[in-house]
Amino acid sequence: MKIALVDYGAGNLPSVERALARLGILTQRAAGAAELESAEAIMLPGVGHFAAMMRALEEQELVPALRAALLRGVPFLGICVGLQALYESSEEAPDTAGLRIFAGTVRQLPATSKLPHMGWNTVQESRPGVLLRDVPSGTYFYFAHSYAAPGDGAQTVAKCDHAANFAAVIEQGNILAVQFHPEKSGEAGEQVLRNFLEFAR
């Protein structure tokens, strides 16, 4: 199996490629719709600003192809802003539409907390899922973000707390995503990636 990595210019793409290479997985950068249309599995690593990501996806005409792939059941893993893009919109860019797979708005974490939320934090599983299989609840993962999806959605598998609860892992059918960076989260992150790969096969 070859994983299609959506290439919209995100800075963390090489680190995700290296993490998958350590697991013996071939990857292909997908910068056009045709590459997504033939993909067996898709990953959307995301860093930076919500609007910059969605604008780049639009300019490369990747949004319709990405939505179509998700809706036809292609296994998908979103990372960080790649999770946030699944929602209707984000407070970070109120006039920019997301992929609109899930209802709701990504919101800024409370101003009472130190922002960005950067570094290691624990993830608490709220229901059984795919990505955290063989990962104990309370395991530390590496985060780097100031905005987050609501933690009370039906698709939420695990939450994290940084002055407020937010979705750390979401899963619904073929669509899986994490707010943390598995490629920077050591052995636990490798297990999350391994779980996705087993799910996608």
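**Ground rules.** I am working from a predicted model, in which local features need pLDDT of at least 70 and side-chain atom pairs count only at pLDDT 80 or more, while totals for chains, interfaces and linings use all residues. Residues are numbered from 1 along each chain as its sequence is written, and side-chain values use heavy atoms, with hydrogens and water left out.

**The cavity.** I noted that a cavity is a set of points, on a 1 Å grid over the protein atoms alone, where a 1.4 Å probe fits but cannot get out, and that lining residues have an atom within 4 Å of a point. Its volume is the space filled by probe spheres set on the points, which are joined across faces, edges and corners. The largest cavity comes to about 30 Å³, and I found Val-123, Glu-125, Leu-132 and Phe-141 among the residues that line it. β7 (117-125) and β8 each give at least two residues to this lining. Sorted by class, the lining has 5 nonpolar, 3 polar and 1 charged residues; here Ala, Val, Leu, Ile, Met, Phe, Trp, Tyr, Cys and Pro count as nonpolar, Asp, Glu, Lys and Arg as charged, and the others, Gly among them, as polar.

**The sheet of 9 strands.** Next I traced an open sheet with mixed pairing, whose 9 strands follow the order β2-β1-β3-β4-β12-β11-β10-β7-β8. Because β2 (26-30) and β8 (139-145) stand at the edges with a single partner strand each, one side of each is left without a neighbour in the sheet. Strands are DSSP runs (E, at least two residues), as are helices (H or I, at least four), numbered from the N terminus, and two strands pair if DSSP finds at least two bridges between them. β1 (residues 2-6) and β2 pair in the parallel sense over 5 bridges, and I saw that Val-6 has Ala-30 in β2 as its bridge partner.

**The sheet of 3 strands.** I then followed another open sheet, of 3 strands in the order β5-β6-β9, again with mixed pairing. β5 and β6 (residues 102-108) run parallel and are joined by 3 bridges, and the partner of Tyr-87 in β6 is Phe-102.

**Helix α3.** Which residues of α3 (residues 50-59) are buried? I listed Phe-50, Ala-51, Met-53, Met-54, Ala-56 and Leu-57, where buried means under 20% relative accessible area with a 1.4 Å probe, protein chains only. Just after α3, Glu-61 takes a positive phi of about 55°.

Methods
1 Å grid on protein atoms, 1.4 Å probe; cavity = no way out; pocket = protein on both sides within 12 Å on 5 of 7 lines; lining within 4 Å. Buried < 20%, exposed > 50% of the residue type's maximum accessible area, 1.4 Å probe, protein only.
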